[in-house]
Amino acid sequence: MDSAIQKNHPETNPSVLVVMGVSGCGKSSVGQALACSLGWTLHEGDTYHAEESIRKMQAGIPLTDEDRSGWLDTLTHLLNSAIATPGTGVVLTCSALKRKYRDRLRDAGPRGSVGFIFLDLGYETALQRVQDRSGHFFSPELVANQFATLERPESEGAVLCVDATLPLAEIVQRTRSWLGLPNAMTP
């Protein structure tokens, strides 16, 4: 894992971290812990979905690229605003399953201003986690579609790939190390 961290280390310290992966990988928990550890603002990407998209996901209907387009525009604008404000950092949770989605988010600012934390998780574990959670609009029937859509980001720059089954504190520490920051107490 250490060689992967060095290989994909960001060229500059990003002011935005996108916590990404399939549904059930722990984006919200990791995002919250990272935002707390870094003193950055957290934005839950799911809260920016259009009502129609939420209804589709509740019904087990996969979103299309067209469905995601306005959502990605909104997220990119949000990141652009954060990047334009010096001294602020943002953690965004967003599935960012395809490279073209990640590239749109990267377009929010200058090269190196957006980094990605890919929470890598197997299908069975993701499905179990989605089935076990309550109060979320995402239908378990969509987990297979998420894996079919996922374009793994390992060969992209400024991406830290982390095993999503690691303890939360360890994921935060690996991210801090990847960013070149000292160890810190985490929640």
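Modeller: Ala158 is found in the loop between helix 7 and strand 5. Here helices (H or I, at least four residues) and strands (E, at least two) are DSSP runs, numbered from the N terminus. The model is predicted, so local features need pLDDT of at least 70 and side-chain atom pairs count only at pLDDT 80 or more, while totals for chains, interfaces and linings use all residues. Residues are numbered from 1 along each chain as its sequence is written, and side-chain values use heavy atoms, with hydrogens and water left out.

Ala158 has a positive phi of about 55 degrees, although it is not a glycine. Ala158 is also buried, with a relative accessible area of 13%. Buried means under 20% relative accessible area, exposed means over 50%, and partly exposed lies in between (1.4 Å probe, protein chains only). Ala96 also has a positive phi, about 45 degrees, and is not a glycine. Its place is the loop between strand 3 and helix 5. Ala96 is buried, at a relative accessible area of 1%.

Strand 5 pairs with strand 4 (residues 114-120) in the parallel sense, over five bridges. Two strands pair if DSSP finds at least two bridges between them. Within this pairing, Leu119 stands opposite Val162 in strand 5. In a regular strand the side chains alternate between the two faces of the sheet.

Helix 5 comes next. It runs over residues 99-106, and its buried residues are Tyr101, Arg102, Leu105 and Arg106. Seen down the axis of helix 5, they fall within an arc of 145 degrees, so they line one face of the helix. That arc is taken from the directions from the helix axis to the C-beta atoms. The buried residues of helix 5 pack against strand 1 (16-20), helix 4 (65-83), strand 3 (90-93), strand 4 and strand 5. Contact here means heavy atoms within 4.5 Å.

Helix 4 has its own buried residues, including Trp71, Leu72, Leu75 and Leu79. What covers its buried residues includes strand 1, strand 2 (41-44), strand 3, helix 5 and strand 4. The 19 residues of helix 4 should span 27 Å at 1.5 Å a residue, and its end C-alpha atoms are 25 Å apart, which agrees. The expected span is 1.5 Å times one less than the number of residues.

These pieces meet in the largest nonpolar core. Of its 48 residues, Val18, Leu79, Cys94, Leu105, Phe116, Ile117 and Leu119 touch the most other members. Helix 4 gives the largest share of this core, seven residues. A nonpolar core is a set of buried Ala, Val, Leu, Ile, Met, Phe, Trp, Tyr and Cys residues joined through side-chain atoms within 4.5 Å. Take Val18. Leaving out residues up to four places away in sequence, Val18 touches Leu79, Leu92, Cys94, Leu105, Val114, Gly115, Phe116 and Ile117.
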